Amino acid sequence: TKSISISEQFEASLPLIWADEKAIRQVILNLLSNAVKFTTQGGEITVKVGWTAGGGQYVAIKDNGPGIPEEEIPIVLSAFGQGSIAIKSAEQGTGLGLPLTKAMVEANRARFAIHSSPGEGTLVEVTFPSTRVLAH
C-alpha cells in the first residue's frame with residue numbers, strides 16, 4: 001500500500017554460514033519490517049548480501065526513510081526505547097525489535113551496526129566474521 005520498491009543485490013555462490021537459521025531468519029524479517037514501517041510512500045529499500053574484505057559475509061538493509069538522529073541510536077537499541085520519528089509518526093511497537101535483533105545477531109557471533117542520519121535513511125549491517133563462514 002506504500003508503493004515501496006525493494007531491490008536485492010546478492011553475490012553469487014556464497015557458502016553457508018555457521019549460525020542459527022531461525023534466529024537469522026527472524027533478524028532479517030525484523031530489519032525488513034522496520035525498513036518498510038519507516039520508509040515513506042514511494043520509498044526504496046535495498047538488501048545486499050556479500051563478502052567482506054576479511055572473508056566474512058554481510059547482510060545490509062538500507063532504506064531511504066526519515067533516518068535516525070545519531071544521538072537516538074543508543075535509545076532505539078535499548079529495551080523499550082523508541083526514537084522521535086517513531087513517536088511522531090505514532091508507529092506502534094514495544095521498542096524491543098532492534099534490541100532483540102541485535103542480541104540475536106551477537107548470539108550468533110556476528111556484528112550489528114546501524115548507520116543513519118535524518119533525511120538520509122538508515123543502513124543496518126549484520127556482519128559474520130570469516131570464522132563463521134563454512135568452506136565451499
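**The paired strands and their surroundings**

A: Lys62 stands opposite Leu123 in β5. The model is a predicted one, in which local features need pLDDT of at least 70 and side-chain atom pairs count only at pLDDT 80 or more, whereas totals for chains, interfaces and linings use all residues. Residues are numbered from 1 along each chain as its sequence is written, and side-chain values use heavy atoms, with hydrogens and water left out.

The protein chain holds four helices and five strands (DSSP runs numbered from the N terminus: helices are H or I with at least four residues, strands are E with at least two). Along the sequence these elements follow the pattern β-α-β-β-α-α-α-β-β.

β3 and β5 run antiparallel and are joined by seven bridges (a pair of strands requires at least two DSSP bridges). β3 also pairs with β2, again in the antiparallel sense and over seven bridges; here Ile45 has Asp63 of β3 as its bridge partner. The hairpin of β2 and β3 has five residues between its strands, and Gly55 in this hairpin takes a positive phi near 90 degrees. Five of the seven residues of β3 are buried, so this strand is largely enclosed by the rest of the structure (buried means under 20% relative accessible area with a 1.4 Å probe, protein chains only). For the whole chain of 136 residues, 35% count as buried.

β5 (residues 121–128) has a pairing with β4 (residues 111–117) as well, antiparallel and over seven bridges. Within this pairing, Arg111 lies opposite Thr127 of β5. The two strands form a hairpin with three residues between them, and the turn contains Gly119, whose phi is positive at about 80 degrees.

What lies against these strands? β4 and β5 are among the elements that cover the buried residues of α4, together with α1 (21–38) and α2 (73–76). The buried residues of α4 (residues 97–107) are Leu98, Pro99, Thr101 and Val105. They span an arc of only 165 degrees around the axis, which places them on the same side of α4 (the arc is that of the directions from the helix axis to the C-beta atoms).

Val76 belongs to helix α2, and this residue counts as buried because its relative accessibility is 10%. Val76 and Pro99 are 23 residues apart in sequence, yet their C-alpha atoms lie 7.5 Å apart in space.

The stretch after α4 leads back to the strands. Arg109, which follows α4, has a positive phi, near 60 degrees. Asn108 is located in the loop between α4 and β4, and this residue is buried, with a relative accessible area of 7%. Leaving aside residues up to four places away in sequence, Asn108 touches Ala19, Asp20, Ala23, Ile24, Phe128 and Arg132 (contact means heavy atoms within 4.5 Å).

Among contacts between residues at least 6 apart in sequence, 65% join residues at least 24 apart.

Terms used: Buried < 20%, exposed > 50% of the residue type's maximum accessible area, 1.4 Å probe, protein only.
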